[in-house]
Amino acid sequence: MKISLNWIWNYVALDEPVEELTRAITFLGFEVEHVSVTGAPALEKVVVGQVLTRDKHPNADKLSVCTVDIGPAGGVKTIVCGAQNYKVGDRVPVALPGAVLPGDFTIKQSKIRGQLSDGMMCSAKELGMGADQGGLLILEGQPQLGTPINEVLPPGDTVFDVEITPNRPDCLSHLGLARELSAWFRRGLCYPPEKFLGDLTGAPTSTLFNGVQVDQPSDCPLYTAHVVAGVKVGPSPAWMQERLRAVGLRPINNIVDVGNYVMLEYGQPLHAFDAKKIAGGRLVVRHAFEGEKITTLDNKERTLSSKTLVIADSEKPLVVAGVMGGLNSGVDETTTTIVLECAIFKASSVRWTSRSLGLSSDSSYRYERGVDPHTALEAARRAVDLIIETAGGTVVGPLAIVGGDVPWEREITVTSTFVEERLGFPVPAPEMRASLEALELRIARENPVGQAGVEWVVSVPSWRNDLDRPIDLVEEILRIYGTERIPAARVEAIGTSAEDDPLVVFNRRAVSYLVGHDFHECVNLTLRPGAEITTWVSNTAAAELALANPFVEDQSHLRPTLVMGLLDTLLLNQSRGVAAGRLCEAGRIFVEYNGHNYEGASVAFVIAEDPSRHWRRREPSDFYTVKHHLAAVAAAAGVDLEGEPAEPVSGPGFGWQEGHSVGVAAKDNSWIARFGLVNLAMLRARGIEGSVLAGTFTIRPELLGQAAARRRFRDFSLFPSALRDLALVVDSSARAGEVEGSVAEAAAAAAGSQFSVESVKVFDVYQGKGLPEGKKSLAFSLVFRSPSRTLTDDEVNGVLVAIQERIEKTTAYQIRK
Amino acid sequence: MEMQEQLSSLLSKASAELQPIRTRPELESLKARYVGPNGEFTALMKQMGSVAKELRPAMGKLINESKAKLQALLDERLRFVEEAELAAKLGPAIDPTLPSPDPGPGTFHPLTLVREEVCRVLRKVGFVVADGPEVETEFYCFDALNTPPEHPARDPQDTFYFPPAARFGNVSRHTPGERYLLRTHTSSVQVRTMLKGQPPIRIVSPGRVYRRDTSDASHSANFHQVECLYVDKNVTVRDLKALLDYLFEALMGPGTKTRFRPHYFGYTEPSFEVDLSAKHLPKVNKEWIEIGGCGIVDPEVFKSVGYDPEVWSGYAFGMGIERLAMTLYGIDDIRVFYQNDLRLLRQFTGSI
């Protein structure tokens, strides 16, 4: 809201510099977004002059040679002038030699195209008074010749653009902010004089207007209408226009301007009807009929719904209540009798209407935040005063007041002890009381409490709808006391013996692991385009993860995986010519399972082919690199990836390459891991060069943080181990893990209780020459050890033979000799 | 004495033959030629049988001495061969200025670094890190935080909602049929934490939040916040100011100042905006920069989580992690955080 300092001065005397006022407004709790200064600066040697003659310059088509009378300031001067907008007899500002105009422009006696010029006639812009208005500033009202120009020009103004918080609709007005400033500087507040020229005693009754009918009292708790007859519509006085312009409003005519002026003064919106345009002479506050139409003052036709509150006459809606008037009933030059509406509309009703029509106004803005019903009549009377003052006329009957004054009796009891307890530092009780009183919070009673405390019963004025509880008064006291005076202190740290959330711990561990393995952590957006999910995940997921109200099309769905974002990152870097190989991310993803969505904590990484060349080649990463890192990530969540079978990714999954990727999941999907090669077609579709390996691990957050059982030490043998190798010929589709399982089983059975099989591990996979088609060889290394003695070759060989026999008997595998 | 000469000449010959030997196989074959079963030295030893009995002790001694000498020669050459082999294996001396062909080092995202730093600073004064879902319900995001039903923050113009049919299996609703939404602040974590336990509570909740807003240099559809909540007996405005003075001095160094400007938030009373003066940081060209919001927890919030506001009091503070990171690092476009250009990421090789 724009606040004019000149205007504020009407209510409170402030001689502080602008910086000090800005600071005050800021620390009262209203952010000052901008301060602008208008009006002419102090000007020396610029006086009022009158053009006596105007002749064409002999040597220039566009210049004139004038004689100008500046009266006692120097008599008649000859001045060359290039402007065109003036005539002989006009009074204009004249800058005499020696004057310094804004921009350090010094006026000198000079010759212009051979013609002497003894000064300069000035435009508004040249005097530093804003924009060029097409020529000289013509001074109205025949000011005395030779008068210093600052005495004639309107004084400058300072305009504060202030952000008013939603709890303080009372400050959407000059009086409201003046009240705050009067409290801050402890200066008296002077309310506008109420003359109420509209005394109705003995006044005639209008023939054009006969009253108001409120059909929707819940949406309109108070409606008042004053009738003023015999008004003459015309421009409002200069001082009022100037005020309105200063705060960014365009003057229209005296009636409309008074309405705006009083709104900006009191915060109470008003509306003036031309009485003769009210069909049937009666105003009806009702809901619109579904589909009813009105053309609002902004020249747009609006279609109303049955929830829109309107002010109507017997035929048609005239005003969208609290929002904007209609073109059909406004005041114009022919208006002689006006009906002045000053009403209270329910905030939610106005908000709904404003939203549904996409139409906001100074009026709706105030109603949405709350207008004080107790100020309404005062504001109406003030407006009537100003209308009679500026447009003439007299108040006639009937005065319509429908709806009651909303009852207001609010007292808050607060003690000085409570205030100090909440503040944490001492403030003298008299200073607390003074702060409250400065804000017009009246102390109804004061009682001593306890040792040194005071209890106040505070009466809250009706415009402070935001004050309800003792704590609210603590804020008021602190505001006026000054938040800059809060004393410094040390932090009192008392541990709460709680732990960091398990999810935070998991993320920290997993990302630290990956960063320690040369991954760059990335942060990508949660919202993804729906098409991507339809194409690469599933239609079900796309349906379940959709937002009801996306803002932009390509951010319409929750992400079901972090990999998509990481691929975006790869692409971005690729397109910028930045080599990117290893990326990771930790964040929330959303998965659909059995008709429900689940929010999962996910950690993912990608490994792209390293496009940069190195002086020494390294073994490239492969599926088993990914498996290794993902197992570590899962372990950070307390999950053993080997604990569940790895299955090829099938069904709803996200773009993985068949045969080169797998998924592992808990039986109830409470954690899911997928890893391997990203689908190559998808990479191509996205324009990513080369192949990309990826791994993702996702767990429902509620599963994290289950404390693992304390580990117990297992003793180990200090005797030497015995090593044997065993090679098997198996089908090429056989999985090493399963074969290894069979070998381990056979080994354990063969060794029996004699000694232990410490480990069985694949160390070679071979396919090709020397083996039949469709077969491969898997070689295992077996480690035997006894807890109590050194094993002999014979006994170990014996067991190896037994193992081979057992494998040949119980499996389809052949021993490779 | 023939034997003696033979031994002596054999040693000289062996010594000479050993000189050019460079590899283990050469050495092995030479060794075989002398001391193998058919070796020359072996053959000489076999002649011992034909030596006269009285000469045998002297001859035996001589042979043993020669054998030791020959062995010494062989050993010496073996060491030489071994060294040569090692040198061949090691290759030429390394050039320490060549770059490592391995990738790395990895980096934490700058937002992670800032988040963890804030958490670390706060952990020192007793805060623990709390977390909660990003999909929330109206109760946790608005109702419990004393946000009036008509508040614009709830408007679908400003907040992302899910269709009424959406079900989230692991995001609990406070009342059946509540609408799901994407949380607009991490204050919902405060509500969930308070509902789970009793005071005292001292948590810091970092996390991702969502606003339905145009993306530009200073706005993003999702961004990150970090909030603190302290609930105990007799928590004061002064305590709150002390915490923020401590936090920002720890983050930005000595000489950092904060100031409170009264403001309005539904969930705190009194409420303040927090300004920061840290002119020693690059790109901070204003005396005061707005960094966050805070206040004393509104009694209504306590009521909605079942705490007695007569007994408990508390403070809350929140700020944007991006904004803090931009201030700390001198970044002026929020979008760089989500683009993950490696030229940005590589600048932040820190640890958490």
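A residue is described as buried when its relative accessible area is under 20%, and as exposed when that value is over 50%. The structure examined here is a predicted model, and the terms above are applied to its computed accessibilities.

In chain A, helix H11 spans residues 429-438, and its buried residues are A:Ala429, A:Met432, A:Ser435, A:Leu436 and A:Ala438. An α-helix has 3.6 residues a turn, so residues three or four places apart point the same way. Just after H11(A), a positive phi of about 65 degrees is found at A:Glu440.

A contrasting case is provided by the surface of chain A. There, A:Phe713, A:Phe716 and A:Leu718 make a nonpolar patch of about 450 Å².

Aromatic side chains were examined next. A pair of aromatic rings is described by the distance of the centres and the angle of the planes. Over all chains, the structure contains 21 aromatic pairs. One of these is formed by B:Phe139 and B:Tyr140, with 5.1 Å from centre to centre and 85 degrees between the planes, an edge-to-face arrangement. Both B:Phe139 and B:Tyr140 are buried.

A further pair in chain B consists of B:Phe248 and B:Phe317, whose ring centres are 6.1 Å apart; because their planes stand at 85 degrees, this pair is edge-to-face. Distant parts of the chain are linked by this pair, as B:Phe248 belongs to helix H8 (residues 237-252) and B:Phe317 to strand E9 (residues 313-320) of chain B, 69 residues apart. B:Phe248 has a relative accessibility of 0% and so counts as buried. B:Phe317 is likewise buried, its relative accessible area being 2%. In chain A, one aromatic cluster is formed by A:Trp7, A:Trp239 and A:Tyr261.

At the level of domains, the assignment for chain B gives domain 1 (2-90) and domain 2 (110-345). The C-alpha centres of these two domains of chain B are separated by 87 Å.

Key. Residues numbered from 1 in each chain as written. Chains lettered and ligands numbered in written order. Predicted model: local features only at pLDDT ≥ 70, side-chain atom pairs only at ≥ 80, totals over all residues. Heavy atoms only, no water. Domains from an automatic or database assignment. Patch = residues over 30% accessible without salt bridge, like charges linked within 9 Å, V, L, I, M, F, W, Y side chains within 5 Å. Areas by Shrake-Rupley, 256 points an atom, 1.4 Å probe, with all protein chains shown as cover. Salt bridge = Lys/Arg side-chain N within 4 Å of Asp/Glu carboxyl O. Buried < 20%, exposed > 50% of the residue type's maximum accessible area, 1.4 Å probe, protein only. Helix = DSSP H or I, 4+ residues; strand = E, 2+ residues; numbered from the N terminus. Phe/Tyr/Trp six-rings, centres within 6.5 Å; stacked < 30°, edge-to-face > 60°.
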